[in-house]
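Here is a short briefing to read alongside the model. Have the viewer open and follow the residues as they come up.

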Amino acid sequence: MVIRHIKPASEWTAAWLDSVVLDKNSMTQRKLTSIDRLGDGLDALRMAAQERGVHLLLVENEQGEQIVAASAKPFTVLC
């Protein structure tokens, strides 16, 4: 029998955003479904990102899944 430790939602969100803050040049992404399932949802993510100065972008991938990208630097929309 395998017992998996699942982080509380707030810890999952904090760990993801803190990893962005520590690596200033990185951009990372998570599926919105993962944020809802493992984290506290989009509103809590937005608040946590603002507290850390992390920029978020919501996009859709080629499969039609919503993806949230996080970066220490602002995103630029080209058109």
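Does Lys31 count as buried, partly exposed or exposed? Lys31 counts as partly exposed, at 38% relative accessibility; buried means under 20% relative accessible area, exposed over 50%, and partly exposed in between, with a 1.4 Å probe and protein chains only. This is a predicted model, in which local features need pLDDT of at least 70 and side-chain atom pairs count only at pLDDT 80 or more, while totals for chains, interfaces and linings use all residues. Residues are numbered from 1 along each chain as its sequence is written, and side-chain values use heavy atoms, with hydrogens and water left out.

**Salt bridges**
- The structure holds 3 salt bridges, each a side-chain nitrogen of Lys or Arg within 4 Å of a carboxyl oxygen of Asp or Glu.
- Lys31 pairs with Glu65, with 3.3 Å between the closest N and O atoms. This pair links distant parts of the chain, 34 residues apart: Lys31 sits in strand E1 and Glu65 in the loop between E2 and E3.
- Helices (H or I, at least four residues) and strands (E, at least two) are DSSP runs, numbered from the N terminus.
- Arg52 and Asp18 form a salt bridge whose closest N and O atoms are 2.6 Å apart. Here Arg52 in helix H3 is linked to Asp18 in helix H1, 34 residues apart.
- Arg52 is partly exposed at 27% relative accessibility, and Asp18 is partly exposed at 32%.
- Asp43 bridges to Arg46, with the closest N and O atoms 3.7 Å apart. The two are 3 residues apart in helix H3, so about one helical turn separates them.

- H1 covers residues 9-22 and reaches 20 Å from its first C-alpha to its last, close to the expected 20 Å; the expected span is 1.5 Å times one less than the number of residues.
- Its buried residues are Trp12, Thr13, Ala14, Trp16, Leu17 and Val20. Among the elements covering them are strand E1, helix H2 and helix H3.
- A search of the whole structure finds 1 aromatic pair. The ring centres of Trp12 and Trp16 lie 6.2 Å apart with planes at 45°, so the pair is tilted; rings of Phe, Tyr and Trp (its six-membered ring) pair if their centres lie within 6.5 Å, and planes under 30 degrees apart count as stacked, over 60 as edge-to-face and the rest as tilted.

**Ser71**
- Ser71 lies in strand E3 and is buried at 8% relative accessibility.
- Its side chain reaches the backbone oxygen of Lys73 at 3.0 Å.

Methods
Contact means heavy atoms within 4.5 Å. A polar contact is a pair of N or O atoms within 3.5 Å; within protein, one must be able to donate a hydrogen and the other to accept it, and residues adjacent in sequence count only if both atoms are side-chain atoms.
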